[in-house]
Amino acid sequence: MPPELPRIAVRLDQDLDPHRCIELAVVAETSGYSSLWFAENPLHRAILPAVSACALQTERIRLGIGIINTYQHHPSLIAMEAGALDELARGRVLLGIGSGVGSRIARLGFDYRPVSALRDATQIIRTLLRGEETSYRGRAFSVDRVRLGFRAPRPDMPIYFASMGDRSLALCGELADGLIVSNLCPPGYTRRSIGIVQQSAAAAGRKAPDVVQYVPCAVRADRDEALHVAKSAVGEMLAAFWPVGSDWPELRETIVRHSGISKSEMIAALARLRRGEPPDRVLDDRFVEAFAIAGTAEECLATAARYGGEGVHELVLTFVGAQAAEQMAHLGRALAEHRV
């Protein structure tokens with residue numbers, strides 16, 4: 001039996017201004033996508049204005065905050081923002097939190113404790129959303145006799161973790177309602193991550209968290225054109241986010257081991273990309289298979305089902321290249337036919 005197709009959702013890049021986000025949110029809802037996710041990174045556009053605007057212009061599609069980091073948004077502020085936003089969206093908000101990228105957070109003057117930050121933030125946010133007064137002393141965050149001044153509409157609002165390292169994945173299974181797997185994570189790495197989360201959840205006597213994964217997507221009637229667009233997007237992401245040199249953190253080593261691409265090939269490709277060589281010349285189709293979804297609408301849905309087979313419940317697509325709205329609508333029509 002072929003793997004079941006996961007829910008298909010859309011991610012909006014924070015390079016988009018809020019007006020463009022509204023346009024794409026309306027297309028996503030009318031095209032039948034399950035949810036709309038927004039990601040925030042330090043010193044780029046803040047996402048809550050765009051999420052709020054999209055909440056007013058849509059009615060059904062769920063709105064995923066995926067993610068805001070606990071350093072720039074203190075846990076008490078996250079509870080305030082999430083509760084108020086959920087009022088505006090009438091209960092459609094999915095709250096994703098993370099510790100952020102360590103190098104960027106350190107430049108802001110914080111003492112970076114990623115696992116402690118997630119643990120402390122979750123305890124504080126959950127208690128505040130329940131309407132309770134809380135005092136909590138943590139390693140990263142503490143509060144003393146605080147309570148929200150309004151009643152949050154959903155005391156049990158689901159909280160998702162953006163987790164990658166093994167300790168963070170285990171904490172996700174112990175505490176969170178959902179896992180967000182980032183871009184540049186191949187299906188084999190996803191399967192490994194889900195295993196760690198599920199094992200931790202079982203040990204804590206909890207239900208296994210919902211699994212969401214971000215993947216760049218290029219859907220075209222012409223498969224070769226889609227591959228070209230996907231390679232450009234993957235090449236740009238690798239050059240921007242992968243560590244320089246060959247001495248990578250263990251996390252990156254693990255990702256490469258599950259990518260089907262050798263470390264020596266990855267190092268050579270990164271060097272060429274950073275010299276300015278065109279990604280279409282540097283990257284072969286294996287890089288697309290590991291880090292993106294590309295092809296015709298039918299091929300993209302078949303690849304999405306592969307992620308479903310690895311345990312992903314919701315696949316969140318960033319439509320790359322030109323004409324994002326047209327791509328979104330095109331794949332949405334194929335998705336509607338698949339459901340019939």
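Strand β9 (residues 210–219) has ten of its ten residues buried, so the strand is largely enclosed by the rest of the structure; buried here means under 20% relative accessible area, with exposed over 50% and partly exposed in between (1.4 Å probe, protein chains only). Helices (H or I, at least four residues) and strands (E, at least two) are DSSP runs, numbered from the N terminus. The model is predicted: local features need pLDDT of at least 70, side-chain atom pairs count only at pLDDT 80 or more, and totals for chains, interfaces and linings use all residues. Residues are numbered from 1 along each chain as its sequence is written, and side-chain values use heavy atoms, with hydrogens and water left out.

In a regular strand the side chains alternate between the two faces of the sheet. In β9, Asp210, Val212, Tyr214, Pro216 and Ala218 point one way, while Val211, Gln213, Val215, Cys217 and Val219 point the other way, and all are buried. Pairing, which requires that DSSP find at least two bridges between two strands, links β9 to several partners. With strand β8 (residues 178–181), β9 pairs in the parallel sense over four bridges, and Val211 of β9 is the bridge partner of Leu179. A parallel pairing over six bridges joins β9 to strand β11 (residues 314–319), where Pro216 stands opposite Thr318. Strand β10 (residues 293–295) also pairs with β9 in the parallel sense, over three bridges, and here Cys217 stands opposite Ile293.

Attention now turns to strand β3 (62–69). Seven of the eight residues of β3 are buried, so this strand too is largely enclosed by the rest of the structure. Strand β2 (residues 35–38) pairs with β3 in the parallel sense over four bridges, with Leu63 of β3 as the bridge partner of Leu36. A pleasing local detail is found in β3, the strand that holds Ile67: the peptide bond from Gly66 to Ile67 is cis, with omega near 20°. Thr70 lies in the loop between β3 and α3 (75–89) and, at 0% relative accessibility, counts as buried. Contacts of Thr70 (heavy atoms within 4.5 Å), not counting residues up to four places away in sequence, are with Pro75, Ile78, Ile97, Gly98, Ser99, Ala117, Ala121 and Phe141. For one of these residues, Ser99, the C-alpha atom is separated from that of Thr70 by 5.7 Å, although the two residues are 29 residues apart along the chain.

In soluble globular proteins, nonpolar side chains tend to be buried together. A nonpolar core is defined as a set of buried Ala, Val, Leu, Ile, Met, Phe, Trp, Tyr and Cys residues joined through side-chain atoms within 4.5 Å. The largest such core has 108 residues, of which Leu36 and Phe319 touch the most other members. Leaving aside neighbours within four places in sequence, Phe319 is in contact with Val10, Tyr33, Cys217, Val219, Ala324, Gln327, Met328 and Leu331. A second, separate core of nine residues includes Tyr160, Ile180, Val212 and Val316.

Helix α8 (residues 223–241) holds Gly235, which counts as buried at 3% relative accessibility. Apart from neighbours within four places in sequence, Gly235 is in contact with Leu273, Pro279 and Leu283.

Most residues other than glycine have a negative phi, and most peptide bonds are trans. Leu184, in the loop between β8 and α7 (187–203), has a positive phi near 60° and is buried, with a relative accessible area of 4%. Gln323, in the loop between β11 and α14 (324–339), likewise has a positive phi near 60°, but counts as exposed at 54% relative accessibility.
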